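Q: I've got a structure open and I'd like to learn how to read it. Can you walk me through it?

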Amino acid sequence: MSTVVETVTALAQPIVAQHQFELVDVEFVKEGKSWYLRLYIDKPGGINIEECALVSDEVSEKMDALDPDPIPQAYFLEISSPGAERPLKKPADFEKAVGDYIHVSLYQKIGNSKVYEGTLLSLTADSLDLEVNLKGRIKTLTIPRDAVAQARLAIKF
């Protein structure tokens with residue numbers, strides 16, 4: 001599956017960049033009996049359905065022209081916005097998120113939890129500083145970057 005993601009990323013990146021959009025993520029997943037190839041695109045101010053359709057048409061045309069086909073089974077191609085809770089994957093994603101409220105899932109517990117939400121105060125190559133509310137007390141938690149399993153923007157309630 002990683003070769004599918006790598007192949008599609010290499011194919012889609014120039015198409016997305018040509019329209020001055022950002023390729024946020026590519027995933028190839030099986031849900032139930034069906035396979036889905038999902039591309040998440042964005043731009044400042046957000047992406048609209050017409051822009052998703054445009055990228056879908058161009059990616060689909062390029063995928064159909066590949067020989068051999070990198071995806072032999074039937075699949076659904078979906079192009080969409082990453083949404084308000086956009087994943088943070090690349091270093092640039094984290095840099096843009098400084099000052100934002102984020103959700104972080106960890107590989108192992110730090111303190112008493114594997115999940116934290118808070119404001120991303122700063123980051124270095126090795127760690128990120130997160131301002132969290134722990135039982136009514138505001139604390140700064142330093143999390144090693146290699147401890148982060150997943151991170152995304154979050155909506156604060």
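Q: Which residues touch the most other members of the largest nonpolar core?
A: A nonpolar core is a set of buried Ala, Val, Leu, Ile, Met, Phe, Trp, Tyr and Cys residues joined through side-chain atoms within 4.5 Å, where buried means under 20% relative accessible area with a 1.4 Å probe, protein chains only. Here the largest one has 21 residues, and Leu37, Leu39, Ile41 and Val59 touch the most other members. This is a predicted model, where local features need pLDDT of at least 70, side-chain atom pairs count only at pLDDT 80 or more, and totals for chains, interfaces and linings use all residues. Residues are numbered from 1 along each chain as its sequence is written, and side-chain values use heavy atoms, leaving out hydrogens and water.

Q: Which elements give two or more residues to this core?
A: Helices (DSSP runs of H or I, at least four residues) and strands (E, at least two) are numbered from the N terminus. The contributors are helix 1 (2–18), strand 1 (22–31), strand 2 (34–42) and helix 2 (49–65), with helix 1 giving the most, six residues. A second, separate core of 18 residues includes Leu106, Tyr116, Leu130 and Val132.

Q: What is the order of the strands in the open sheet?
A: Strands of a sheet pair through backbone hydrogen bonds, either parallel or antiparallel. Two strands count as paired if DSSP finds at least two bridges between them. In this sheet of three strands the order is 1-2-3, with mixed pairing. Strand 1 and strand 3 (76–80) are the edges, each pairing on one side only.

Q: How many bridges join strand 2 to strand 3?
A: Five, and the two strands run parallel. Tyr40 stands opposite Ser80 in strand 3.

Notes
Buried means under 20% relative accessible area, exposed over 50%, partly exposed in between (1.4 Å probe, protein chains only).
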